Each structure stands twice: as structure tokens, then as C-alpha cells.
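A reader new to a structure may well ask what lies behind each label that is put on it. The questions and answers here take some of those labels in turn.

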Amino acid sequence: MKLDLSAKKRIVIKLGTSTLTHESGLLNIRKIEKLVKCLADLQNSGKQLVVVSSGAIGCGLAKLDLAGKQLTTIEKQACAAVGQCELIDIYDRNFALYGHKIAQILMNKDVVDDIPRRDSARNTINTIISFGCIPIVNENDTLSNEQITFGSNDTLATSVARLVNAELIINMSDIDGLYDKNPREYPDAALIEYIPKIDDKIKSYAGGAGSKRGTGGMVTKLQAAESAVRHGIPMIIVNGANPEILYDIFDGNFKGTYFEAEEIK
């Protein structure tokens, strides 16, 4: 797809679990190193990046030697507490190689639902950005429950984008974008590159859950896109298998699905 997005400056980049981990569920160190290099380079180019990252539970599972085991919700929350330390340390060490500082932000849905807390979060993130730091945002899985969870980082990314008045959301997943049918089942599935409006026909193309390592399938991505474009923020879904697709996006020629923002009246 040819699209000039070079002028977009404040960008929210959502990194799904499948983008950060191996099939085993453990962190893909080589990919994370390449990803951070690309993110640091974009920041160097003048972009203001906000990273919404999955991976805390996976890090905790690895550190506690629990990968592949069936765990209760409470046990997963405990793993998230352990893994969040490991995840942010990995980001910190890798970004430091390129001279960048990061900041950790853990959020729950009640933060954006409550006006004073939402304003506080907005001011804090904007100040972090003004310091030249890269905010690394994740849901506070350790303390989340059904009442205060975002449900997926697709939803969190949109909430964060609205909070900081982002100009673009890049949703990096394990699929190239939205297809007219499941490409894992149908070889003739066609990628839909440009979506000017999310209507019932577009919604009918989404279905099924995410990968076994992630929580969000195409349904949650479409819901997130619908919320984003309604508030004037375009969103892209791309495959995160090769982090250098980030360069392709801003070079104006990439493979993915672009959701056009609605005009705010």
C-alpha cells in the first residue's frame, strides 16, 4: 500500500505478545533487539513514540520456570508482577544502547474512566514525552479484575492514543492485516489494505480469537480501530514478524490494513 504518513509525529505502537515471544511463550530476544533498534531510530528521526507492550506474563512464566503450565488467574497475576520487572529491564537495557531513556506506566481501565485520574495520567505521559523519554505502557495485570481491565492491549492502545492526542496507532500483530476471510484456513483470502469506514460488511470479516500467545483477535482489533477512527485517529494493522516494517510505513509503502480516521465535527 502506498500512503504518505511521514508527517505523523506522535505515534502509539502496540506490540502484541506474538510479536515479542517465541511459540514457546518465552521472549524472542533477537526480535526485541531488532524492534528496539527500529523504534530508537524512529525516535531519532523526530517521532514521539508511545509503546504499548504485552509480554509481562510471558516474562514471569520464563523467570519462574512455569512456561507451558496451566495456571489460575491469580497465579498469572503473580507472574505478571515478576515479569514486569524483567520486561522493563530488557527494554531499558536495549534502548540505552541507542541513547534513549524509557518510562514505565501501568494502567487499568478505571484510570481513563475517572476524570481526575485520566487528567493526571495525560499530564504525566505528556511530561515524560517532553523529557524526550519513551513511555512503555502496559495494563496493570497484577491488580486488574473484570471491573477495571481493558480486556486487551488493542483497547489499551486506543485509550492511550486518545489520552495523548496521538496522530497514528500502529498495531503490530501476527497477521498482515484484515482479510476478507481467515487466511490460515483459506489460501484465496484477500488482504483489505484500505478501509475508509468500518461498516457491517467489514465487521463480518473478523472472527475467532487471537493466537495462543495473545488475548486479542481481529474482533478486538476492529473494535479498537472503530474507537480510534471515531476520535480522529487512524490505525494500521501490520505483521510484527519483521520489525523493519516500521520503516516501510513511514517510507510510504507497506503491507497492512489502514483504517482512515473520521472527520471530527
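What follows sets values from this structure against the definitions behind the terms.

Q: How do you know what kind of model this is, and how are its residues numbered?
A: This is a predicted model, in which local features need pLDDT of at least 70 and side-chain atom pairs count only at pLDDT 80 or more, while totals for chains, interfaces and linings use all residues. Residues are numbered from 1 along each chain as its sequence is written, and side-chain values use heavy atoms, with hydrogens and water left out.

Q: What makes the contact between Lys109 and Asp113 a salt bridge?
A: The term asks for a side-chain nitrogen of Lys or Arg within 4 Å of a carboxyl oxygen of Asp or Glu, and the side chains of Lys109 and Asp113 meet at 3.0 Å, N to O. The two residues are four apart in helix 5, and therefore about one helical turn separates them; helices (H or I, at least four residues) and strands (E, at least two) are DSSP runs, numbered from the N terminus.

Q: Why is Lys109 called partly exposed?
A: Buried means under 20% relative accessible area and exposed over 50%, with partly exposed in between (1.4 Å probe, protein chains only). Lys109 has a relative accessible area of 30%, so it is called partly exposed.

Q: Why is the count of disulfides zero?
A: A disulfide is a pair of cysteine sulfur atoms within 2.5 Å, and by this rule the count comes to zero. The sulfur of Cys79 is 11 Å from the closest cysteine sulfur, in Cys59, and is therefore too far for a bond. The sulfur of Cys133 is 19 Å from the closest one, in Cys85, which is also too far for a bond. Cys79, at 1% relative accessibility, counts as buried, and Cys133 counts as buried at 14%.

Q: What makes a group of residues a nonpolar core, and which residues touch the most other members of the largest one?
A: A nonpolar core is a set of buried Ala, Val, Leu, Ile, Met, Phe, Trp, Tyr and Cys residues joined through side-chain atoms within 4.5 Å. The largest has 41 residues, of which Val12, Met107, Val137, Val160, Ile198 and Phe259 touch the most other members. Among the elements that each supply at least two residues of this core are strand 2 (48-53), helix 6 (115-130) and helix 9 (218-230). Apart from it lies another core, of 37 residues, including Leu39 and Met172.

Q: Which strands are called edge strands, and what makes them so?
A: Two strands pair if DSSP finds at least two bridges between them. The eight strands form an open sheet in the order 3-4-2-1-5-7-8-6, with mixed pairing, and the edge strands are strand 3 and strand 6, each of which pairs on one side only. Strand 2 and strand 4 (residues 134-139) run parallel and are joined by two bridges; in strand 4, Ile136 is the bridge partner of Val51.

Q: Why does Glu263 count as exposed?
A: Its relative accessibility is 72%, so Glu263 counts as exposed. Glu263 lies in the segment after strand 8, and its C-alpha atom is separated by 6.1 Å from that of Gly232, 31 residues apart along the chain.
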